[in-house]
Amino acid sequence: MSEVLASLPSSSRDAVPGGRSPRWMVWRSPAGQPGWARPALLAIAAVAAVLHAWNLPRADFAPLYSQAVKGMSESWKALFYGAIDANATVTLDKLAGSFVPQAVSARIFGYHAWSLALPQVIEGVISVLVMYRVVRRWAGVVPGLLAAGIFTFTPVAASMFGHSMEDGALVMCLVLAADAYQRAVMEARLRSLVWAGVWVGLGFQAKMLQAWMILPALAIGYLLAAPAGLRRRLGHLAVAGVVTIAVSLSWIALYTFTPAGARPAINGTTNNSAFTMVFGHNGLSRLGIALPGTVPNNGRVRAVVGPGQHLTPGELNGEGLPGAPQGPAGTPGNGPAAAPGAGPEADGGAAKLLAGRLGIAIGWLYPLTLLALLCGLWWRRHAERTDPERGGLVMWGVWLLTFGLTFSATDVPHTAYVASLAPPVAALAGLGIVRFSQAYRRGGRAAWLLPAAVLAELVWAAWLWSDYLGFLPLALLSTLALGVAAIVVLVLGRVGKPASAAVVRAGLALGAAAILAAPVTYAASVLGPAYSGNSFDANAGPVKVEGVPQGG
């Protein structure tokens, strides 16, 4: 592990060359990558598939959303319009793009809770594979593999991709957009940038305005680092922006230009307007701003079947609806009441991402991520404008800050929302581990960055875990002991006379293991049904019920 981290070149262009293999030999690394790269990636993807699919036999239905999928699977018209019922009389109060794969799966395999969750398992594995490709193109093979592994073991991702929720499709589309962007920014290629816009538009169909939050990162990164003149860069961004808007607003246009009597009524509004549903009910109303015809959205499922007509709370969980899905215990649906700890994370205020459920879901590698971002920008401060590594640092950094600040300033209705932070955290953390390991081997003042990162991660892990001391206490003690051992070995390797190669390798291996121990533990907990979350919230690890830590 330590040899891989520190001795191999970080750039894929410098990797060990290889010959071409037949396309069916998927386990063989392509030319220009080490022979072990593809097998390692496939092993990571297999682990992701196990984590995501492990609880498929115990999958549950999502309130109202699963009922909509049932209608969409029974009627092509309902599928086309994203309607709740097979007769296509009324839509969800969301865009239905993320539910189309579920409806197709239900048509193929039958309407079961596991068949609705299966598309998200596939989306998760695709996201892992594409994360590797994005980061490999940007920073090299080893950072790419680390990013794919860190993404796999991000607790919220490990849970979310095993359930039938919208965020899986969103995250996959965002990663695919980053993949197309990375190719575009390396060669100033308009076609690839347009594809990035297409993927953002498809992400909009899955989660609406949340998909557009990636646009500042892609635009700033391309404007800064693409190897082309300013006018050409601006022109490319303008074209890609038009494509993004066209794909994003395609469903709204469909409803706007179809006579009201020929299409389903639009939920979440009193004026039957798709624009109001998307930008009012699911947009400005979350900020306390109401467009005309908007039904306020408090973060829970809210349905309107006509002007002034609301579904009852029971109907929101599927009760009384034709063919309502039944939860594992025989109760209709499996809604918010069945998800301990679910609901808006408003109690944490602006610091909600730093502790509690959201902290353990996404926040284990914050110290390493921020240190890698700051040090990377400082080290590359004198690089030319088109420097690929600095451009990537800017893109991932803007992505991280845009989503992080937005979530900090608003209510986060469900833990799965923060899964869109997983790609930048994984990319920056993967790069950080490699760069700090290389600095450690070179020696000098920069060599102390790796021990500092391990120490910061150790303290941070103890802080996040302190809210859940009853959860796997032996794992907590083991993580702390591993961190202390890593720091001791790393310090011994850089004080006094030069350390042996064996001591340096041991320090690097222990350091990487100590950094990743806590998130891996929490992500692996989804293999236990008690800690796997449900179709309404992505809980990996324990949850709190009325302030009492659960687990043990």
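## Aromatic pairs

Rings of Phe, Tyr and Trp, the last represented by its six-membered ring, count as a pair if their centres lie within 6.5 Å. By that criterion this predicted model holds 23 aromatic pairs. One of them joins F275 and F279, with 4.7 Å from centre to centre and 35° between the planes, an arrangement classed as tilted. Both residues belong to helix α15, which covers residues 274–281, and they sit four residues apart, about one turn of the helix. The two partners can be told apart by accessibility: F275 is partly exposed, with a relative accessible area of 44%, whereas F279 is buried at 14%.

W465 and F471 provide another tilted pair, because their planes stand at 40°, with ring centres 6.5 Å apart. An angle under 30 degrees would have counted as stacked, and one over 60 as edge-to-face. W465 is buried, with a relative accessible area of 0%, and F471 is also counted as buried at 0% relative accessibility. Elsewhere, W138, W396, W399, F403 and F407 form one aromatic cluster.

## Cavities

Rolling a probe the size of a water molecule over the atoms shows where empty space is left. Across the whole structure, the search finds six cavities of 30 Å³ or more. The second largest cavity has a volume of about 70 Å³.

The lining of the second largest cavity consists of W364, V454, E457, L458, A461, T479, G483, A514, I515, A518 and P519. Sorted by class, the lining has eight nonpolar, two polar and one charged residues.

G432 is found in helix α20, residues 422–442. G432 is buried, with a relative accessible area of 1%. Leaving out neighbours within four places in sequence, G432 is in contact with L368 and A372. The C-alpha atom of G432 is also separated by 8.3 Å from that of P143, a residue 289 positions apart from G432 along the chain.

D179 is part of helix α9, which spans residues 167–187. With a relative accessible area of 6%, D179 is buried. Apart from residues up to four places away in sequence, D179 touches V130, R133, V134 and R137.

## Cysteines

A disulfide is a covalent bond between the sulfur atoms of two cysteines. The search of the whole structure finds zero disulfides. A pair of cysteine sulfur atoms would have to lie within 2.5 Å to be counted.

Are C173 and C375 buried or exposed? C173 is buried, with a relative accessible area of 6%. C375 is likewise buried, with a relative accessible area of 14%. Both residues are classed as buried because their values are under 20%.

Terms used
Residues are numbered from 1 along each chain as its sequence is written. This is a predicted model: local features need pLDDT of at least 70, side-chain atom pairs count only at pLDDT 80 or more; totals for chains, interfaces and linings use all residues. Side-chain values use heavy atoms; hydrogens and water are left out. On a 1 Å grid over the protein atoms alone, a cavity is a set of points where a 1.4 Å probe fits but cannot get out, and a pocket is an open set with protein on both sides within 12 Å along at least five of seven lines; lining residues have an atom within 4 Å of a point. Grid points are joined across faces, edges and corners, and a volume is the space filled by probe spheres set on the points. Ala, Val, Leu, Ile, Met, Phe, Trp, Tyr, Cys and Pro count as nonpolar, Asp, Glu, Lys and Arg as charged, and the others, Gly among them, as polar. Buried means under 20% relative accessible area, exposed over 50%, partly exposed in between (1.4 Å probe, protein chains only). Helices (H or I, at least four residues) and strands (E, at least two) are DSSP runs, numbered from the N terminus. Contact means heavy atoms within 4.5 Å.
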